[in-house]
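This report describes one predicted model for a reader who has not seen it before. The sequence and structure come first, and the notes follow.

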Amino acid sequence: MMTEKSSLGIVETKYFTFAHAPDELVLESGQKLGPITLAYETYGELNKDKSNAIWVCHALSGDAHAAGFHKDDKKPGWWDEMIGPGKAFDTNKYFIVCSNVIGGCRGSTGPSSINPKTKRPYGINFPVITIGDMVEAQRHLLDELGIERLLCVTGGSMGGMQTLQWVAAYPDRVKSAIPIATSLKHSPQQIAFDEVGRQAIMADPAWRGGNYYSHVQPERGLALARMIGHITYMSDQSMEEKFSRRLREGDYRFTFAPEFEVEGYLRHRGDSFVQRFDANSYLFITKAMDYLDLSGEKFIPQDKKISTSFLVLAFKSDWLYPSYQSRDIVSFLKSRDVDATYCEIKSTYGHDAFLLELDEETHLIHHFLARISQSVKNGNGR
Amino acid sequence: MKLDHQIIFDIVKRGAKVMDLGCGDGELLSILVDKKQVEAQGIELKEEAIYKCVERGLSVLHGDIESGLGVYPNKSFDYVILNQSMQEVNNVDYIIGEALRVGKRAIVGFPNFAHITARCEIFFGGRTPVNDALPYRWFDTPNVHFLTIKDFREFCAEKNIQILKACFLGKKRLIRIFPNLFAQNAIFEITQSNGE
């Protein structure tokens, strides 16, 4: 069975720059972007035949720092419970890569980066990117690392979208895929929540048409967007369990200060988010999610036979990415005779569950990956 | 190997493509994968059973079997197995129809309600029978249909379903005489008559 779990210890972010003029990356919109820097981290060792690489894709507010600790940091990476020695993505066996998406603000090229043509931040003039563009940039990094075929691509939420996009774009380079709490396309409800978040940012006078980099960023708007986001990541039941109607001071104060614990929590989440995230990145990344539509032929063309194996995971109380969207993925895969396993994990955490239901995810992913690596060792294409 | 698994194992051809509807913890499917190199897919409603299946290295879909087959093209599988799960679904007619649409053949295993102990319990005891094949009491049973071997034969005749093989199981061995009286369980291999 599984070995003792332990931490990766201190890890470092690396950087890869490509798409220098005149070979800029041509985006889905037709616009060009370059040079592009990707921040990324790797954990574990790439084996001799480079067959043990797993690509981890982060969600909306995530970054390249998926596991381990940065020097002098008290908090580990965002999926530390899942990545490390003896964990679901066992770094004793697998080589893990996680990169910050383009459009992001955590080391990869995004709207807060300096536009080499103007020597000023791109701001709102950053080209509108798609999930496809994010994956295309990651593919350049994959090539740079000299890996032909990934053992697995995985991620939750927007990370799951990239996972699906990876298979859509490069099915022959992805041996297996684990999309978690995600969808082949954003529904009108999902677009609506994103749009409210964007409007909160753009309605903040501090946004200044996206040109705020010589001032403070639109903190109120970004914090509000994040607060809305956090409501959608929880469930009615998880909020009841976490906060109920508890008051911070024990009694009504008859003011508009945050009295209920849930108010305090949302404000805290909003305020801490603006310390680490760029408002324009929020606009560009949510837009990229809204554009995603891999329904039908766009996911797998009619005449294409793919040999990628899937483990699709959803959570019962997730109303932002409801399980029917995962079942749609599975139904489509089965209609195309693609190997798939699906589990709807019982959870009360809502969409956040993919970061919290660790035992269930670990069990399923550990055994799924064991099967996939075994079939690679046996030289079985399927 | 359990007797019902042995019978199904003997029916399934090496390297076949198999769907197990209501595969439970995947015991039968993993035997078929290991020893007959079948390409296997299971569908199962219980979440705990899904974890077991994945542990065994099986591909399994979490969901109810009534909504699980719609997406598959005709004749996607060599065999669709419904072992001890048919009597638990509401719309048997639909499930058998779907099983025979997506599968070239179906293998159906169910408890025989006309077994002699069941007959005696109703006739003399005046109670709903509880025995090895029907282990549940009336209020906690997952079964929504109670059928006999004769019932199933008549169903097949009415639906133009051809019976390729019928095996009748006692507690430990096969039953060869008066199966509707002495068999606790039955396993039928069936196919749709027209077009085959």
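## A residue of the core

Leaving out residues up to four places away in sequence, Ile54(A) touches Phe89(A), Tyr94(A), Phe95(A), Ile96(A), Leu150(A), Leu151(A), Cys152(A) and Thr154(A); two residues are in contact if their C-beta atoms, placed from the backbone, lie within 7 Å.

## Basis of the model

Residues are numbered from 1 along each chain as its sequence is written, and chains are lettered from A in the order in which they are written. This is a predicted model, in which local features need pLDDT of at least 70 and side-chain atom pairs count only at pLDDT 80 or more, while totals for chains, interfaces and linings use all residues.

## The largest nonpolar core

The largest nonpolar core has 158 residues, and Ile54(A), Val56(A), Ile96(A), Leu313(A) and Val80(B) touch the most other members. Such a core is a set of buried Ala, Val, Leu, Ile, Met, Phe, Trp, Tyr and Cys residues joined through C-beta atoms within 7 Å; buried means that 20 or more other C-beta atoms lie within 10 Å of the residue's own. Helix 7 (residues 279-291) of chain A gives the largest share of this core, seven residues; helices are DSSP runs of H or I with at least four residues, and strands are runs of E with at least two.

## Helix 10 of chain A

Helix 10 of chain A has 20 residues and reaches 27 Å from its first C-alpha to its last. Its buried residues include Glu361(A), Leu364(A) and Phe368(A). The buried residues of this helix pack against strands 11, 12, 13 and 14 of chain A and helix 3 (47-55) of chain B.

## Contact between the chains

In all, 16 residues of chain A are in contact with 12 residues of chain B.

Note on methods. Buried ≥ 20, exposed ≤ 12 C-beta atoms within 10 Å, placed from the backbone. Expected span 1.5 Å × (residues − 1).
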